[in-house]
Amino acid sequence: MRAQSGDEAAYRSALALAAARLRGYFLRRMRTQPDDVEDLVQETLLTIHLQRATYDPALPLTAWLHAIARHKFIDFLRRHGRSTALHDSIDDVNETLLSLVEDDLTARRDIGKLLDRLPAEQRQAILDTKIEGLSVAEAAARSGASESAVKVRVHRGLQRLAAWVRSET
Amino acid sequence: MKTQELIELLARRAGPVASRAVQRRLAGAALAGLVAATVVVIAGLGVNLQIGAMGGPLIQKLAYVGALVLAAGWLTDRASRPGAPLGAAVAVVMGIVLTMACVAFVTLLNAPAGQAGSLLLGSSWSTCPWRIALLSAPALALLLWAIRTLAPPNGQVAGFAAGLLAGAVGALAYSLYCTETSPAFVLVWYSSGALISAFAGAAFGSRLLTW
């Protein structure tokens, strides 16, 4: 960072370069929370700015940058709890969806809208097994399809719902 | 806010970085701590009036403590910067202690039989390390405060280094009062005092040195 001597333009481009590097660094480590990456990049840039005196020109700049980024990243994990990083699998989305259906009227209406977009047999299979609480055998008897067919319909239907929910949020 | 806007904001009138800003902040804190410890020695313990007549041993003692101040200062500087390697500074600190250990060992070997014990323990071994640790307290507090404005990647390590520096500063002030002349005494008890301060620094550092 020759920018330390007070050359404003050099400092600006150095910060932009650092921002690009930081974005890559955080993106690699937080695939599941892309929304937080930019916040963290800005926070780290601010630290870099405030702590620019602690950079020793005799040492490699990347080591300094990475040490700060690592510190900020650990700080971030501590603040948000590691668990949030795990909350993105399809199973989890399905479960929150289902519990919302039971608890919350407005959520039930939204889910109803999404369910209406499903093919009829998938919708029926989900309604029977997940919302009315029938067993797979009972649902199969009611719809006249085989048990495995009901299972497949439920699975595909939920997958599709999960994809819609995720694309909307 | 867009990242680009933030960059613009930060770059505008950023100005040059003060040269050697880290060193200056640390040196200022250590120096103020030294002054405080010296005042306490003069007012509380009293200066050893024979100090001028001690000659060689005094120079030896001051050389050891002084070198420790510089090396610990360098270590503290490293520990206050992100991404700076500590290895070289740690090696220098160890080297100084090891050199002093050699000197102490030689004097113990050359000592007349039966005197080794008194060379090692002197007359004040039970109070010396504690007094040094207490004398280093102001320097430690000031140093931790200074490091809080910097960016230590590991609070515990930075606290330990600051404690070591403060301990050496305290020992420097204490040598105004101390009447011991044996290098073995200085090695064991002065260093113990500095270590007490260093561990205190590590304990405080892990809690206080966050950024």
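In the predicted model, residues 97–103 of chain A keep a pLDDT under 50. The model has 9 contacts for this stretch beyond four places in sequence. Across chain A the average pLDDT is 76, and 77% of the residues score at least 70. The pLDDT also falls below 50 over residues 89–95 of chain A. That stretch has 8 contacts in the model beyond near neighbours in sequence. Where pLDDT is low, predicted coordinates should not be read in detail.

The secondary structure of chain A consists of 8 helices and 0 strands. Along the sequence, the pattern reads α-α-α-α-α-α-α-α. Chain A has 169 residues, of which 22% are buried. Among contacts in chain A with a separation of 6 or more, 54% join residues 24 or more positions apart.

Two helices of chain A were examined as a pair. Helix α1 of chain A covers residues 8–29, and helix α2 of chain A covers residues 34–50. They pack at an angle of about 135°, and their axes are 9 Å apart. The crossing of α1(A) past α2(A) is right-handed. On the α1(A) side, the contact is made by Leu15(A), Ala18(A), Ala19(A), Leu22(A), Arg23(A), Phe26(A) and Leu27(A). On the α2(A) side, Val37(A), Leu40(A), Val41(A), Thr44(A), Leu45(A) and Ile48(A) take part. By class, this contact comprises 11 nonpolar, 1 polar and 1 charged residues.

Contact between the chains involves 26 residues of chain A and 21 residues of chain B. On the side of chain A that touches chain B, α1, α2 and α3 (61–80) each supply at least two residues. The residues of that side of chain A divide into 12 nonpolar, 9 polar and 5 charged.

In chain B, one loop residue was considered individually. Gln50(B) lies in the loop between α2 (21–45) and α3 (56–79) of chain B. Gln50(B) has 9 other C-beta atoms within 10 Å. A residue with 12 or fewer such atoms counts as exposed, so Gln50(B) is exposed. Gln50(B) and Tyr177(B) are 127 residues apart along the chain. Their C-alpha atoms are separated by 9.5 Å.

Methods: Residues are numbered from 1 along each chain as its sequence is written. Chains are lettered from A and ligands numbered from 1 in the order in which they are written. This is a predicted model: local features need pLDDT of at least 70, side-chain atom pairs count only at pLDDT 80 or more; totals for chains, interfaces and linings use all residues. Axes are lines fitted to C-alpha atoms, for helices over the stretch in contact, and angles run from 0 to 180 degrees between N-to-C directions. Helices (H or I, at least four residues) and strands (E, at least two) are DSSP runs, numbered from the N terminus. A crossing is left-handed if the near helix is turned anticlockwise from the far one by less than a right angle, and right-handed if clockwise. Two residues are in contact if their C-beta atoms, placed from the backbone, lie within 7 Å. Ala, Val, Leu, Ile, Met, Phe, Trp, Tyr, Cys and Pro count as nonpolar, Asp, Glu, Lys and Arg as charged, and the others, Gly among them, as polar. A residue is buried if 20 or more other C-beta atoms lie within 10 Å of its own, exposed if 12 or fewer, and partly exposed in between; C-beta atoms are placed from the backbone. pLDDT is the predictor's confidence in each residue, from 0 to 100.
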